[in-house]
Amino acid sequence: MLSDHQLVTRVAGENEDAFRTLYDRFADRVFRYAFTLLRDRHLAEEAAQETMIAVWKGAQRFEARSKVSTWIFGIARNKAFDLIRREKRGDRTPDVSLVSPDPAPGLLRQEVVAGAMSTLPEPQREVVFLTFYEGLSYGEIAGVLGIPEGTVKSRMFHAKRKLAEALT
Amino acid sequence: MSSCGRIRELIPWYANGTLSSAESGEVSVHLAACGACREELAGILRLRAEVERELRSLPRLPDGVWKRVAVEAYGRPIAHLDVGSFFLGFSLGASVRRGAVPIHGDLKVLGQKIRLFNVEQEERI
């Protein structure tokens, strides 16, 4: 199996098969990251689409010393914020299409967790996502977000306190 | 022994296994002696599981997104010619993409495509 780096190198040479494989590895993860930032499924789909197109077009500019996932999440983050600016939505609410009108008991807890995540400020939410869902190190998160490592730790500190309060 | 404050700052990344070996060792030594920080770790592991479950419950990215990405990346195919076999072949394709008609040729060796050329012309069709 080709590594992420090998795939990007092939994508830079316009290898369509490599791009499809890279898409299969990352597009859904980018969608979930964009959803974490945007809390809107349709905008998150758009962000995932634009991110993967940017990956195809920008593969030649990828610097081999970076990790592919942090490069792609960095692009996704910019695309998500572009969409926010375009939409000019100041206060976003969770996408109602994701909330079941009559949830099964097992889903209630998930909705409580989703609600708790929604109450976090976006800078804290993305640190939680990148740590708990993507399993990035604090150094890698600092690279994606372009902030000092200490800021990543402090955002996590506040996020976990708020989540713990909301979930108890 | 390290302070509980420092250890608690590191615990989320201890839980996801990305700390350096030095930091990870420091946390392990502290946890062995500190019940409060072990409770903190248990809380973080529960929190991680719940966040993960919530994010996994999202529907998957629809297949239609790939089609839109492919059209944007490669263009909409308008002509395609394949010669040869799985072992050795050549393909020539043309597509329409944002007012341009890229024409590309690929050499295929054992099913792997190697791009030989990609020429983009202004759309005249």
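Buried area is the accessible area, taken with a 1.4 Å probe, that two parts lose on being put together, summed over both. In this predicted model, the area buried between chain A and chain B is about 4100 Å². Carbon and sulfur atoms give 61% of that area.

**Overall confidence**

Begin by colouring both chains by pLDDT. The model as a whole scores ipTM 0.80 and pTM 0.77. Chain A averages a pLDDT of 87, and 88% of its residues score at least 70. Select residues 96-101 of chain A next: there the pLDDT is below 50, and the stretch has seven contacts in the model beyond near neighbours in sequence.

Select helix 2 (residues 21-33) of chain B, where confidence in that chain is highest, at a mean of 96. Strand 4 (residues 112-122) of chain B has the lowest confidence in the chain, at a mean of 75.

**The interface between the chains**

Display the residues of each chain that touch the other. Five salt bridges are counted between chain A and chain B.

Within this region, select helix 8 (residues 149-167) of chain A together with helix 1 (residues 4-15) of chain B. Their axes come within 10 Å and cross at roughly 90°. Angles of 65 to 115 degrees count as roughly perpendicular, and helix 8 of chain A and helix 1 of chain B are therefore roughly perpendicular to each other. Show the side chains at this crossing: helix 8 of chain A contributes A:Val152, A:Lys153, A:Met156 and A:Lys160, while helix 1 of chain B contributes B:Arg8, B:Glu9, B:Leu10, B:Pro12 and B:Trp13. By class, the contact has five nonpolar, four charged and no polar residues.

Side chains of opposite charge can pair when their charged atoms come close.

**A salt bridge within chain A**

Over all chains, the structure holds 18 salt bridges. For one of them, select A:Glu50 and A:Arg86, whose side chains meet at 3.2 Å, N to O. A:Glu50 lies in helix 3 (residues 41-58) of chain A and A:Arg86 in helix 4 (residues 68-87) of chain A, so this pair ties together parts that are 36 residues apart in sequence.

Terms used. Residues are numbered from 1 along each chain as its sequence is written. Chains are lettered from A and ligands numbered from 1 in the order in which they are written. This is a predicted model: local features need pLDDT of at least 70, side-chain atom pairs count only at pLDDT 80 or more; totals for chains, interfaces and linings use all residues. Side-chain values use heavy atoms; hydrogens and water are left out. Axes are lines fitted to C-alpha atoms, for helices over the stretch in contact, and angles run from 0 to 180 degrees between N-to-C directions. Helices (H or I, at least four residues) and strands (E, at least two) are DSSP runs, numbered from the N terminus. Angles under 35 degrees count as roughly parallel, over 145 as roughly antiparallel, 65 to 115 as roughly perpendicular and the rest as oblique. Contact means heavy atoms within 4.5 Å. Ala, Val, Leu, Ile, Met, Phe, Trp, Tyr, Cys and Pro count as nonpolar, Asp, Glu, Lys and Arg as charged, and the others, Gly among them, as polar. pLDDT is the predictor's confidence in each residue, from 0 to 100. A salt bridge is a side-chain nitrogen of Lys or Arg within 4 Å of a carboxyl oxygen of Asp or Glu.
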